[in-house]
Protein chains: 2
Amino acid sequence: MTKSALQIARAAYQPKLPKALKGNVKAVAGAATQSVADQEAIQKLFPNTYGMPLIKFEATDEAIEFPAINVGVILSGGQAPGGHNVISGLFDGIKKLNKDSKLYGFILGPGGLVDHNYMELTADIIDEYRNTGGFDIIGSGRTKLEKEDQFEKGYEILKELGIKALVIIGGDDSNTNACVLAEYYAAKNYGVQVIGCPKTIDGDLKNEMIETSFGFDTACKTYSEVIGNIQRDCNSARKYWHFIKLMGRSASHIALECALQVQPNICIVSEEVEAKDMSLDDVVTYIATAVANRAAQGNNFGTVLIPEGLVEFIPAMKRLIAELNDFLAANAEEFSHIKKSHQRDYIISKLTPENAAIYASLPEGVARQLTLDRDPHGNVQVSLIETEKLLSEMVGKKLAAWKEEGKFVGKFAAQHHFFGYEGRCAAPSNFDADYCYSLGYTAASLIANGKTGYMSSVRNTTASADEWIAGGVPITMMMNMERRHGEMKPVIQKALVKLDGAPFKAFAAQRETWAKETAYVYPGPIQYFGPTEVCDQPTKTLQLEQGK
Amino acid sequence: MTKSALQIARAAYQPKLPKALKGNVKAVAGAATQSVADQEAIQKLFPNTYGMPLIKFEATDEAIEFPAINVGVILSGGQAPGGHNVISGLFDGIKKLNKDSKLYGFILGPGGLVDHNYMELTADIIDEYRNTGGFDIIGSGRTKLEKEDQFEKGYEILKELGIKALVIIGGDDSNTNACVLAEYYAAKNYGVQVIGCPKTIDGDLKNEMIETSFGFDTACKTYSEVIGNIQRDCNSARKYWHFIKLMGRSASHIALECALQVQPNICIVSEEVEAKDMSLDDVVTYIATAVANRAAQGNNFGTVLIPEGLVEFIPAMKRLIAELNDFLAANAEEFSHIKKSHQRDYIISKLTPENAAIYASLPEGVARQLTLDRDPHGNVQVSLIETEKLLSEMVGKKLAAWKEEGKFVGKFAAQHHFFGYEGRCAAPSNFDADYCYSLGYTAASLIANGKTGYMSSVRNTTASADEWIAGGVPITMMMNMERRHGEMKPVIQKALVKLDGAPFKAFAAQRETWAKETAYVYPGPIQYFGPTEVCDQPTKTLQLEQGK
């Protein structure tokens, strides 16, 4: 394997651990916990894993001898920087407990457990992946682990390999499923513990006990690097508006964090659009107004950050899409006979007036996409909409109209970007390298202490790693009941951007200035070796949330 | 101005200089030079600046007192990382000659000279921009400085400000124009020297005396960072082919350098496509074959690097576009009456059979683009073609056909990326920071020695900066006569990728292995503070060209 100079140098980095985990460790139990809502329903569904106490690890002089243990690990869902460090922290943690402990990786996600596809992760393999990005050590997958026959199939291989604990590294859904599995194995007395680790670049798995999900730090810094570069270009060439879409469908944390880092002219926050019941035209008008104001000052350039999930947060668009789904499902046969050039008018004639008007306002390409590309369930594929192009096209149209009315005096030319894959597998920042390693190490301590249905938790993360607080949170504590596919299900509450939270408020307090002035900040690439203020800062989101 | 931690830390970096420039400097003249071709014609056009000797700067014990001098500087054309360091090197260089020297910047490119739009660049301003990316200190522009009345308008302001030397930082065309201006002012005895500096991320301004243009190093490293991240994602998710287009219309140096850095499965080199007279279908077949071969091994993922200018290098596409340009210009009126849904068939019926067949093979969107979007001269806008989507769509179609024939057994799903603006204004790597500062400092020495019509030259750039060789090259030496807009013009020869050059040969020797295996390298982000093998390596292109 050919390696870059940075890969080689970075392999030698020793991630930092909380002080409490460095020597002998004891688990201190806190108060019993409750779920965030629907306590009765959740308790009923999780009789064995509900109400458990918070766990905090503390240093102790007392050395305990642990028997060797076999542990399994699964990477679930989309990649996030630092996954390999969770695994190396877990590996080092169980080896410290007993050098004869073994770690098995299930291949290509939860499917590997069900299909008995696995490999032993030896020291040689682990060493190849320390401090690297990606999930390629064992691969990841999106199989949902939620059915009893999957649990039983999984148990077969766990039994065969003598695995007593399984660590599932994933987002909110995967951790919900980890808890269901923990409950199932506990109810069956199978003697297999299940521990979760909070992963997702989207930043929407967080709460009082989980300060941040891993990968958010590195991904946002990587996006901010390239957005900063684009802003410097924008400010040098002074002739383009750059519309930059950022990954993250279910929450706008990434766009907001990047905005705090780079100070763009505009950043749309989906949660605000929904809360204010803004229409697509409202969003377009908001952007066009900022463009026109800058043009009046002679500045025909700027940057707009757009969260990937925006369209799904616009209430009126949601209603349009819902009606389109229903209509096209009911009239598929008739629609298939309509000539392509007549489809748009046909759809408009069939929709309710409100939805017809919105549909008619959409650019041709987007309108066609909404009727043609449907997923296997017959639903419109919203994720295929190129929101950045949709918005810039509509802004351009509005500005052209304003120009005729004398309300816009400038030029408008747009460039488009979408960043997602560029950051999901970046090599982890020092923060993510340390945080992930600590999460994995903490998972090993939870296993040693016989815990199941817990999520590995590392807190106080704006302090130095030494001061971080390691422990465990019962996953049921984060749950509530939500309707999914028509059924009420226990799920971990997703953390959307809070409009009364410190990060949004810091953004809202400055955005008018940013819109008018050119206040760009250029964060530059992630640094691993330089001064600590360059290399070791957590995200602005985390700092603001913790009052820093 | 809010600054990131890295901006602040990086401002303190002191760029390295060649040893010869550190103390007192003397100019040593070499042999007289000749243009690379068309010597007689070039000499006739440049009687005052032709045949001058190469200049090399050497250290001397003799201190010479220089009078204060006023110097002007212009940034011309597209941004490239390091432009601000050329200016700070120039500033420090003329201040070292005499502390009362002054530097004036012309604003928004060559147009600033003609329109008398300028600012004095004082130490305070310069200090704000050291080691930063972008051209925003004075902005850049694309006005071509090529007419006598522009030269005369420029001279007015130069005279007014007492400017005795002008430094033009630009690509091949801008340096050609710098030389025309040098010749004009020399012929008129205006007493204004003109010095060029080799800028372009495209890497196509290079020759025996100019080893590399500045910005190429940083831009390629930035692209390679994000391509590497995508490759790690690709290798973790194992379900997408990523088609990645890279900036650079007139040469494939960027794509080739990135390929050498990241080892993708496929990289298309335009110069090879042209040399082998490959058709679009040949390129598509080449990619589809690699996809099918990987699929046969169970690997339904990979990466393809595509130079932005590819379509213009495919001989058959050039012929199609030429016929389309002519036909649409002659039949604009008739074509405007053809119904949109009939346009494609109409065009096919009118083209020669060879071109009609190619046109018919194009995806609908691209075919429409070729007939609808024309520039002010009526020409097809090739640059608007999304080559990465064109190729993946055609590859998908071919694979679908092969699947029916049993020749393809896998799945094919594509993601698309285009990187350009992400790297043009990145903060310069150590290499570019040092190289640019040295180029600017060298320009000051050329000015001190009364030179005009020279390009600042820093060579031996794979050695440590101490050992770099600073000097000047007569711009006429790099010229030949080429047909431009129907007229023979003296221009600096553009450096395309040489198929018998070491970089291409190194790539060609490995590409079959890369296509089959997953040999990805992950360069990671540019580092400024770490070990020298991480922070200070020049490009692979430069190392291979210099036999390293």
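Trainee: Leaving aside neighbours within four places in sequence, which residues is B:Gln369 in contact with?

Mentor: Contact means heavy atoms within 4.5 Å. With neighbours within four places in sequence left aside, B:Gln369 is in contact with B:Leu384, B:Ile385 and B:Glu386. Before we go on, note that this is a predicted model, in which local features need pLDDT of at least 70, side-chain atom pairs count only at pLDDT 80 or more, and totals for chains, interfaces and linings use all residues. Residues are numbered from 1 along each chain as its sequence is written, chains are lettered from A and ligands numbered from 1 in the order in which they are written, and side-chain values use heavy atoms, with hydrogens and water left out.

Trainee: Where does B:Gln369 lie, and is B:Gln369 buried or exposed?

Mentor: Helices (H or I, at least four residues) and strands (E, at least two) are DSSP runs, numbered from the N terminus. B:Gln369 lies in helix α18 (residues 364–372) of chain B. For accessibility, buried means under 20% relative accessible area, exposed over 50%, and partly exposed in between (1.4 Å probe, protein chains only). B:Gln369 has a relative accessible area of 19% and is buried. Its side chain reaches the backbone oxygen of B:Leu384 at 3.2 Å.

Trainee: And in chain A, which residues does A:Thr371 touch, not counting residues up to four places away in sequence?

Mentor: A:Thr371 touches A:Leu324, A:Leu328, A:Phe335, A:Ile347 and A:Tyr359, when residues up to four places away in sequence are not counted. A:Thr371 has its place in helix α17 of chain A and is buried, with a relative accessible area of 1%. A polar atom of the A:Thr371 side chain lies 2.9 Å from the backbone oxygen of A:Arg368. A:Ile321 is 50 residues from A:Thr371 in sequence, with 9.6 Å between their C-alpha atoms.

Trainee: What area is buried between chain A and chain B?

Mentor: The size of an interface is often given as the accessible area lost when the parts come together. Buried area is the accessible area (1.4 Å probe) that two parts lose on being put together, summed over both. Between chain A and chain B it is about 4,500 Å², and carbon and sulfur atoms give 52% of that. In chain A, the residues that lose the most area to chain B are A:Arg232, A:Tyr421 and A:Glu422, together 16% of what that side buries.

Trainee: How many residues does the contact take from each chain?

Mentor: The contact takes 61 residues from chain A and 61 residues from chain B. Of the interface residues of chain A, 100% are also interface residues in chain B, so the copies meet through the same surface.

Trainee: How many salt bridges does the rule find across the interface of chain A and chain B?

Mentor: A salt bridge is a side-chain nitrogen of Lys or Arg within 4 Å of a carboxyl oxygen of Asp or Glu. The rule finds eight salt bridges across the interface of chain A and chain B. One of the pairs that qualify is A:Glu364 with B:Lys340, whose closest N and O atoms are 3.7 Å apart. Both are partly exposed, A:Glu364 at 40% relative accessibility and B:Lys340 at 42%.

Trainee: What about A:Glu386 and B:Lys389?

Mentor: They form a salt bridge, with the closest N and O atoms 3.3 Å apart. A:Glu386 is partly exposed at 33% relative accessibility, and B:Lys389 is partly exposed at 23%. A network of salt bridges links A:Glu386, A:Lys389, B:Glu386 and B:Lys389.

Trainee: How many salt bridges are found over all chains?

Mentor: A search of the whole structure finds 58. Among them is a pair in chain B, where the side chains of B:Arg249 and B:Glu312 meet at 2.9 Å, N to O. This pair ties together parts that are 63 residues apart in sequence, because B:Arg249 lies in the loop between β8 (241–246) and α10 (253–262) of chain B and B:Glu312 in helix α13 (residues 310–313) of chain B.

How values were computed. Polar contact = N/O pair within 3.5 Å; in protein donor to acceptor, adjacent residues only side chain to side chain.
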